[in-house]
Amino acid sequence: MRIDKRDHTFDETAKEAAEHLLEQFWILRDKEPDKYQLVRQREQVLRTYFLEKMGFRLILHRHFAKLEKVPAEPEPWMGIQSFKDTRDYVLLCCLMACLENKAVEEQFLLSNLCEELQGLYPGEEGLDWTHYEHRKSLVRVLQFATEHDVVKVVEGDVSDFSYTETHEVLYEVPITARYFLRSFPRDLFQLQTVEQILAAETMGQEETTGASRRHRVYRMLFLSPAMMMKGAEDADFLYLRNYRHRIREDIEKHTDFQFELYKNTAMLTLTERKSRYTLFPDNRAICDIALQFASVVRRQQEEEKFSLLPDGSIYLTPLEFLHWLSLCRDRYGAGWSKQYREMDIAEVGRELLELLVEWKMAAEDEETGVIYLYPLLVRTTGSYPGDFKPEAAEGEVFYEEE
């Protein structure tokens with residue numbers, strides 16, 4: 001038997017396969033055979049790299065490839081974006097419990113599933129399928145499950161269930177339903193909090209070996225927009241500083257990312273845009289406004305000399321935040337899209353703040369309402385080109401990285 005040395009080399013093929021594994025929940029062989037083959041060809045080096053650097057387990061099944069990605073810290077954007085209510089998540093868990101009792105390729109009707117879910121759903125409130133919001137929750141869950149190949153639609157469209165509780169859909173259990181949920185190292189009934197679940201991942205690893213800390217640092221870099229220093233004694237950030245040259249060399253050798261380290265922040269960036277990644281800024285108009293707002297923040301800081309907090313951030317009251325946004329609109333608003341030109345400044349502020357928090361450029365104190373703007377916000381600023389004409393609404397924004 002001839003052994004191909006490339007199978008044990010982290011080359012361009014392995015690099016591309018790693019990108020797909022990091023970006024996708026899983027790669028299904030029947031839907032994306034080319035991507036699946038890339039992973040299969042470099043299975044050994046991928047398995048070794050992800051396990052050593054991040055503690056991630058690579059599963060290569062004859063039907064799919066999956067990298068089990070566990071965050072160092074849970075963040076709001078990591079939720080299921082299509083879900084609107086806690087009930088959605090509870091229903092998803094109940095659905096998985098129902099599927100455990102069914103055989104692969106077994107078919108079942110929506111009406112039968114509804115009966116099973118009513119029996120499994122916890123709490124005194126229960127499920128009432130005559131209630132529109134309850135039906136809508138199940139529709140969101142089943143649409144998500146279908147998109148992620150947890151269930152397969154044989155006949156029907158579940159969206160009509162929103163309007164009538166008697167609507168019927170025929171489903172089938174695919175093999176992938178058995179692998180959607182991750183196996184935990186301990187019985188979940190023994191774990192009461194999110195922190196305990198995350199701690200269970202590293203149980204048995206000695207902190208002195210550096211493996212646990214290395215896994216946390218790499219997970220923050222690869223799964224989060226940025227890694228922020230949490231005080232002068234932040235051991236993880238000190239580790240990042242001490243081993244920055246080794247980390248930079250390793251990341252830039254095995255991926256297309258560039259490692260950037262500042263006084264209080266570390267992040268991975270790309271020199272060229274790739275459609276498979278979720279990047280900032282994207283093509284949404286609110287991202288243009290964020291870039292323009294960043295330029296206003298930089299100018300206000302230079303002119304008013306705000307005192308910086310130890311982590312390099314500045315804090316604003318909600319009124320100050322809206323005032324700065326108003327300055328942004330006065331300066332750049334002529335080129336905003338019609339939607340944002342006509343929107344109340346408070347609504348623009350809410351949408352902008354949500355975006356900034358998602359990208360770890362800002363934070364909001366829930367009790368006081370104080371808004372913290374992090375240094376990462378002003379790393380990239382945007383403005384209109386010199387020949388921009390106000391009457392040409394929705395003008396193109398030019399941005400630069402500081």
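How many disulfides does the count come to? The count comes to 0 disulfides, in what is a predicted model.

**The cysteines**

A disulfide needs the two sulfur atoms within 2.5 Å. Looking from the other end, C328 has its closest cysteine sulfur in C287, again at 13 Å and too far for a bond.

**Strand β3 and its partners**

Now to the strands around β3, which covers residues 64–68. Is β3 enclosed or open? Of its 5 residues, 5 are buried, so β3 is largely enclosed by the rest of the structure. Cover comes on both faces: F64, K66 and E68 are buried on one side, and A65 and L67 are buried on the other.

On the pairing side, β3 runs antiparallel to β2 (residues 57–60), and 4 bridges join the two. A hairpin of 3 residues makes the link from β2 to β3.

| Strand pair | Sense | Bridges |
|---|---|---|
| β2 (57–60) and β3 (64–68) | antiparallel | 4 bridges |
| β10 and β12 (371–373) | antiparallel | 3 bridges |

**The β10-β12-β11 sheet**

Which order do the strands of the open sheet follow? The order is β10-β12-β11, making 3 strands with antiparallel pairing. β10 (314–316) and β11 (362–364) are the edge strands, each pairing on one side only. From one strand to the next, the twist averages 20 degrees. Between β10 and β12, which run antiparallel, there are 3 bridges, and Y315 stands opposite Y372 of β12. Packed on this sheet is helix α12 (residues 318–332), which touches β10 and β12. The direction of α12 makes about 100 degrees with that of β10.

**Helices α1 and α2**

How do α1 and α2 pack? Helix α1 (residues 12–23) meets helix α2 (residues 33–41) at an angle of about 120 degrees, and their axes are 9 Å apart. That angle makes α1 oblique to α2. The crossing of α1 past α2 is left-handed. On the α1 side, the residues involved are T13, E16, A17, H20 and L21, and they meet K35, L38, V39 and Q41 in α2.

Notes:
Residues are numbered from 1 along each chain as its sequence is written. This is a predicted model: local features need pLDDT of at least 70, side-chain atom pairs count only at pLDDT 80 or more; totals for chains, interfaces and linings use all residues. Side-chain values use heavy atoms; hydrogens and water are left out. Two strands pair if DSSP finds at least two bridges between them. Axes are lines fitted to C-alpha atoms, for helices over the stretch in contact, and angles run from 0 to 180 degrees between N-to-C directions. Contact means heavy atoms within 4.5 Å. Angles under 35 degrees count as roughly parallel, over 145 as roughly antiparallel, 65 to 115 as roughly perpendicular and the rest as oblique. A crossing is left-handed if the near helix is turned anticlockwise from the far one by less than a right angle, and right-handed if clockwise. Buried means under 20% relative accessible area, exposed over 50%, partly exposed in between (1.4 Å probe, protein chains only).
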